[in-house]
Amino acid sequence: MIAQGESPLFSFNGKHCDDFDVTFLPSAYPFIPAQSIPQTSVGGRHGTLRWKGRTFSPKRLKGKLYFLNTSGDDTPIPTDELLRRASDVTAWLCGTDGRGKLILDALPDRYFIAEVSDEAALMDDDWASGEVAIAFTCQPFAYAVSEDGVTVQTSANAAKSAALGVQGNTETMLAFRVTCASGTMNTATVETPTCRFDFTGLGMTEGETLVARYAQEDILLLEIEGVDGGTRSAMAMRTTDSDDDLLLSPGRNAVTIKTEKACSVHLTARGRYL
């Protein structure tokens with residue numbers, strides 16, 4: 001139920017329902033995603049045993065989109081106008097590759113990665129009101145619109161701790177930029193309360209930056225940015241006993257950095273919500 005004064009509308013790929021004179025009435029909000037839990041039963045034991053590796057399936061947002069009559073009267077929207085406007089809305093919701101940031105007016109502090117997943121058609125009996133059912137498939141996590149971050153300076157071969165507050169209600173990943181201030185740096189360590197990255201053989205010179213960032217919100221990329229703007233991969237320079245990701249919990253986290261040379265370090269995290 002929509003409370004008085006509350007907006008059920010949304011923005012998608014940087015544009016809002018108001019930009020297209022449409023309104024939206026949701027029938028199902030994203031809630032609990034299906035879980036894939038690795039587990040097995042053992043003869044002679046009650047229940048099941050499980051191990052790490054749980055994954056979540058996408059969620060769904062469903063509802064009806066209504067084309068508003070902008071003529072100021074109660075007459076049906078002319079078919080030619082409705083079809084032209086429907087074409088514009090299709091271009092908006094499908095976009096370049098169909099996937100984009102979905103922000104609900106009711107939750108302006110976070111976004112879903114989503115796409116319109118089902119065919120949507122204007123049926124004959126809906127044309128008078130300009131009504132169409134749509135459904136978004138949303139990736140299981142929502143992400144904070146704003147990042148949390150902190151910058152610290154390290155000294156050569158001395159561990160430096162920094163406090164980073166993180167939004168959200170579930171674990172998220174740490175990203176960082178470590179810029180070498182002088183000399184040649186080959187080793188670096190970045191550690192969260194539960195995870196650790198060790199790097200060897202970096203071969204970074206003054207002004208170069210070791211970067212950990214996430215493509216499509218959760219695909220880790222490790223790179224070294226040169227002073228000329230070029231990049232080279234640093235994935236093979238992370239030691240084999242390092243963790244897959246540097247995870248942070250909601251709230252305050254201690255992050256420890258140790259670098260062979262003095263560096264400027266910028267730590268960031270984008271909160272995640274289930």
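Predicted model: local features only at pLDDT ≥ 70, side-chain atom pairs only at ≥ 80, totals over all residues.
Residues are numbered from 1 along each chain as its sequence is written, and side-chain values use heavy atoms, with hydrogens and water left out.

Back to Ser71. You'll find Ser71 in the loop between β8 (59–67) and α1 (79–94); those labels are DSSP runs numbered from the N terminus, with helices being H or I of at least four residues and strands E of at least two. Its side chain makes a polar contact with the side chain of Asn69, at 2.5 Å. By polar contact I mean a pair of N or O atoms within 3.5 Å; within protein, one must be able to donate a hydrogen and the other to accept it, and residues adjacent in sequence count only if both atoms are side-chain atoms.

Now, β11. Twelve of its 14 residues are buried, so the rest of the structure largely encloses this strand. Who does β11 pair with? There's β8, antiparallel, over eight bridges; pairing here takes at least two bridges found by DSSP between two strands. In that pair, Lys64 stands opposite Ala133 of β11. Then β10 (residues 110–116) is joined to β11 by six bridges, again antiparallel, and Tyr111 has Tyr143 as its bridge partner in β11. Strand β25 (residues 272–273) also pairs antiparallel with β11, over two bridges, with Ala142 facing Tyr273 as bridge partner.

β11 turns up again in the largest pocket, where it gives the largest share of the lining, four residues. The space in there is about 1000 Å³. For the method: on a 1 Å grid over the protein atoms alone, a pocket is an open set of points where a 1.4 Å probe fits, with protein on both sides within 12 Å along at least five of seven lines, and lining residues have an atom within 4 Å of a point. The volume is the space filled by probe spheres set on the points, which are joined across faces, edges and corners. Of the 27 lining residues, the closest to the centre are Arg54, Phe141, Met173, Leu247 and Arg272. By class, the lining has ten nonpolar, six polar and eleven charged residues.

Next, a separate sheet: open, four strands, order β13-β23-β16-β17, antiparallel pairing. Its edge strands are β13 (160–166) and β17 (196–199), each pairing on one side only. Seven bridges join β13 to β23 (residues 251–259), and Ser161 has Thr256 as its partner in β23.

Last stop, loops. Glu208 sits between β18 (204–205) and β19 (209–215). Is Glu208 buried or exposed? Buried, with a relative accessible area of 10%, and its side chain makes a polar contact with that of Arg232 at 3.1 Å.

One backbone point to finish. Most residues other than glycine have a negative phi. Asn13 has a positive one, near 50 degrees, in the loop between β1 (10–12) and β2 (15–16). Glu217, in the loop between β19 and β20 (219–225), also has a positive phi, about 75 degrees.

Definitions and conventions:
Nonpolar A, V, L, I, M, F, W, Y, C, P; charged D, E, K, R; others polar. Buried < 20%, exposed > 50% of the residue type's maximum accessible area, 1.4 Å probe, protein only.
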